[in-house]
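Dear colleague,

Please find the structure below, handed over for you to look through.

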Amino acid sequence: MNTIRLDKARDPAFKRQVEKESGQNLSLCYQCGNCTAGCPGAQVYDRQVSQIMRAVQLGLKEEALKNRSLWLCLSCSTCSARCPNDIDVAAVMETLRMMARREGWVQDRPIESFWKAFLDTVKYTGRSYELGVMADYMARTLRGWGNLEIAPMALRKNKMPFVPSVIHGREEVARIFKRYAEKRS
Ligand code: SF4
Ligand code: SF4
């Protein structure tokens, strides 16, 4: 397990920025570890979620943004539910992921590619389109699909339709993506 490197450069503005973007008061965290104890990703994380919270508190930007845990996080919100101080820890993780992308510190490109592929199908159809996600992911990473052997069964059971089903209100979903892109620029 990695420990936090306290000798790394500190950026006092970083904590304020994370608080602003996540809407959370990070000074409330007293490092009880409840979030880490319930996190289903803990055993594969290179830095635990409570360590990440501490890194943000201390302004250790690189420690908070440069890790694989942000990309292995399942966004399940168990950490938020378990926090005795009502910190929405999952929202902090989401904020850090966005910051890591903005600042070029993504530590797991294939997972990021999967996210992009998934979000692109949501943007254009209003919902997930499995075959599209698969093709997009393979094109972005130049990798084969790890579970290709289950494709015939999924196709047979119509779990991966060839034609995407587009929801009513697709334009409204697309507008959410547009607003987000405008906010970032
Ligand atoms: S949201 Fe992420 S960090 Fe929080 S408990 Fe779930 S997997 Fe762990
Ligand atoms: S559960 Fe809340 S208070 Fe405890 S370490 Fe996690 S974020 Fe901090």
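Val-18, Glu-21 and Ser-22 in helix H1 meet Ala-91, Val-92, Thr-95 and Leu-96 in helix H7, where two residues are in contact if their C-beta atoms, placed from the backbone, lie within 7 Å. By class, the residues of this contact divide into 4 nonpolar, 2 polar and 1 charged; Ala, Val, Leu, Ile, Met, Phe, Trp, Tyr, Cys and Pro count as nonpolar, Asp, Glu, Lys and Arg as charged, and the others, Gly among them, as polar.

Before going further, please note that this is a predicted model, in which local features need pLDDT of at least 70 and side-chain atom pairs count only at pLDDT 80 or more, while totals for chains, interfaces and linings use all residues. Residues are numbered from 1 along each chain as its sequence is written, and chains are lettered from A and ligands numbered from 1 in the order in which they are written.

As to the overall picture, the protein has 11 helices and 0 strands, helices (H or I, at least four residues) and strands (E, at least two) being DSSP runs numbered from the N terminus. Taken along the principal axes, the C-alpha atoms fill a box of roughly 50 × 35 × 30 Å. Of the 185 residues, 23% count as buried; a residue is buried if 20 or more other C-beta atoms lie within 10 Å of its own, exposed if 12 or fewer, and partly exposed in between, with C-beta atoms placed from the backbone. Among contacts between residues at least 6 apart in sequence, 68% join residues at least 24 apart.

To return to the helix pairs, two packed helices are described by the angle between their axes and the distance between the axes. The axes of H1 (residues 12–22) and H7 (residues 89–102) come within 9 Å and cross at roughly 115°, the axes being lines fitted to C-alpha atoms, for helices over the stretch in contact, and the angles running from 0 to 180 degrees between N-to-C directions. H1 and H7 are therefore roughly perpendicular to each other, given that angles under 35 degrees count as roughly parallel, over 145 as roughly antiparallel, 65 to 115 as roughly perpendicular and the rest as oblique. Their crossing is right-handed (a crossing is left-handed if the near helix is turned anticlockwise from the far one by less than a right angle, and right-handed if clockwise).

Helix H8 (residues 109–125) and helix H9 (residues 130–141) pack at an angle of about 140°, with their axes 8 Å apart, and are therefore oblique to each other. H8 likewise passes H9 in a right-handed crossing. On the H8 side the residues that meet H9 include Pro-110, Phe-114 and Phe-118, and on the H9 side they include Val-133, Tyr-137 and Arg-140. This contact has 6 nonpolar, 4 polar and 4 charged residues.

Helix H3 is largely enclosed by the rest of the structure, because 7 of its 9 residues are buried. The buried residues are Val-49, Ser-50, Gln-51, Ile-52, Met-53, Ala-55 and Val-56, and they pack against H1, H2, H4, H5, H6 and H7.

Turning to the ligands, 14 residues surround ligand 1, and the closest are Cys-39, Cys-73, Cys-76, Thr-78 and Cys-79; a residue is near a molecule if its C-beta atom, placed from the backbone, lies within 6 Å of it. The elements that give two or more residues to this shell are H6 and H7, and H7 provides the largest share, with 3 residues. The shell around ligand 1 has 10 nonpolar, 4 polar and no charged residues.

Around ligand 2 there are 15 residues, of which Cys-29, Cys-32, Asn-34, Cys-35 and Cys-83 come nearest. Here the elements that give two or more residues are H2 (34–38) and H3 (49–57), and the shell divides into 9 nonpolar, 5 polar and 1 charged.

Finally, most residues other than glycine have a negative phi. Asp-86, in the loop between H6 and H7, has a positive phi of about 55° although it is not a glycine, and Asp-86 is exposed, with 11 other C-beta atoms within 10 Å.

With best regards
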